[in-house]
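Colleague: Could we go through the charged pairs and the chain contact together? I would like plain answers.

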Amino acid sequence: MSDNVSALDKASYEGFVKVEEAGLRGMITLRGDLGSVKIKNAATGVAGVDMPEQGHANSVEQSGLAWMSPDELLVMLPYGDVNAALAQITKHLKGQHYLAVDVSDARAVFRISGAGAREVIAKLCPVDMSQDAFKPGQFRRTRMAQVPAAFWMGEDEAVHIISFRSVAEYVFNLLKNAAAPGSEVGYLNP
Amino acid sequence: MLILTCPVCGVTGEETEFHGGGEAHLKRFGPGSGDTEFHGYLFTRENPKGVHFERWRHNNGCGKWFHAARCTMTLEIFGTYLAQTYEPPQHIKDAITAKRPGWKWREFS
Ligand SMILES: [Zn+2]
């Protein structure tokens, strides 16, 4: 048996926030008409969370759903559960127009936690990270310096980031640099 | 810097999150068309100082194409709208007229 590992094998860094590569995460790209009850039920059925609104993500521990576009959802779940979930989706959506693909190994997941988490993101992404503009539960696809990235914030204000696996090291280095002690800007946390 | 709102996913972002796709509302002239029409489709573009219509793609976001009406001089965005249309919707035309009375762009005004 092969021993699957994530891109950076749970590397972590302590700056003015904590940066962690979160390890392997199961991810399924589900495309179809998100207005369709069948598609919604298939997604919520395997993720075990409610359907997110536009621009939002719902997540509990390793599982969750993120709204990617009007015809795309990201289904997240424990890495080992992907095949069973895909089988369940296939069964549930038989005859429907949809697409479901395992993209777990194409992605890397990071978590940054601590009081300056908003500031670290604000340094790297063209997104207004003030508390009024970006709230827990919101999900944003954007760019992080020179690569595409997506992130959402949990109730604890920790930020979860998804990038492509091929740029995981680049993203980790960006986050480390933005979180370096002494580089606090303090604009978002006066 | 341009501040665009993607009409598909609702995100407002600055232009580096998007990618410009050239002039909007071009009609394709392909096989069977005359040389003049084909030449026009390939090469003839507006280059206005003022009101302009462009295609943009939310490439670091939802990935969808859309249209934007903007001013090339002030970088003001009059509005963005879905790509599935042959001409700017009335509310976009009205928004431009409110700020640039008498504007004209190709066959639209
Ligand atoms: Zn968009």
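**Salt bridges and the interface**

Modeller: The side chains of A:Glu20 and A:Lys18 form a salt bridge, 3.9 Å from N to O; the term means a side-chain nitrogen of Lys or Arg within 4 Å of a carboxyl oxygen of Asp or Glu. This is a predicted model, in which local features need pLDDT of at least 70 and side-chain atom pairs count only at pLDDT 80 or more, while totals for chains, interfaces and linings use all residues. Residues are numbered from 1 along each chain as its sequence is written, chains are lettered from A and ligands numbered from 1 in the order in which they are written, and side-chain values use heavy atoms, without hydrogens and water.

Colleague: Is A:Glu20 buried, partly exposed or exposed?

Modeller: A:Glu20 is partly exposed, because its relative accessibility is 22% and that class lies between buried (under 20% relative accessible area) and exposed (over 50%), with a 1.4 Å probe and protein chains only. A:Lys18 is also partly exposed, at 30%.

Colleague: What about B:Arg106 and B:Glu23, how far apart are they in the chain?

Modeller: Their side chains meet in a salt bridge, 2.5 Å from N to O. The two residues are 83 residues apart: B:Arg106 lies in the segment after α2 (90-99) of chain B, and B:Glu23 in strand β3 (residues 19-23). Helices (H or I, at least four residues) and strands (E, at least two) are DSSP runs numbered from the N terminus. B:Glu23 counts as buried because its relative accessibility is 7%, whereas B:Arg106 is partly exposed at 30%.

Colleague: Changing topic, how many residues of chain A are in contact with chain B?

Modeller: In chain A, 13 residues are in contact (heavy atoms within 4.5 Å) with 13 residues of chain B. The two chains bury about 960 Å² between them, 44% of it on carbon and sulfur atoms; buried area is the accessible area (1.4 Å probe) that two parts lose on being put together, summed over both.

Colleague: Which residues of chain A lose the most area to chain B?

Modeller: They are A:Arg140, A:Arg141 and A:Arg143, together 44% of what that side buries.

Colleague: And how many salt bridges cross the interface?

Modeller: The rule finds three between chain A and chain B. A:Arg140 and B:Glu17 meet in a salt bridge, at 2.5 Å from N to O. On chain A, β5 (63-69) and β9 (139-144) each supply at least two residues of the side that touches chain B, and β9(A) gives the largest share, four residues.
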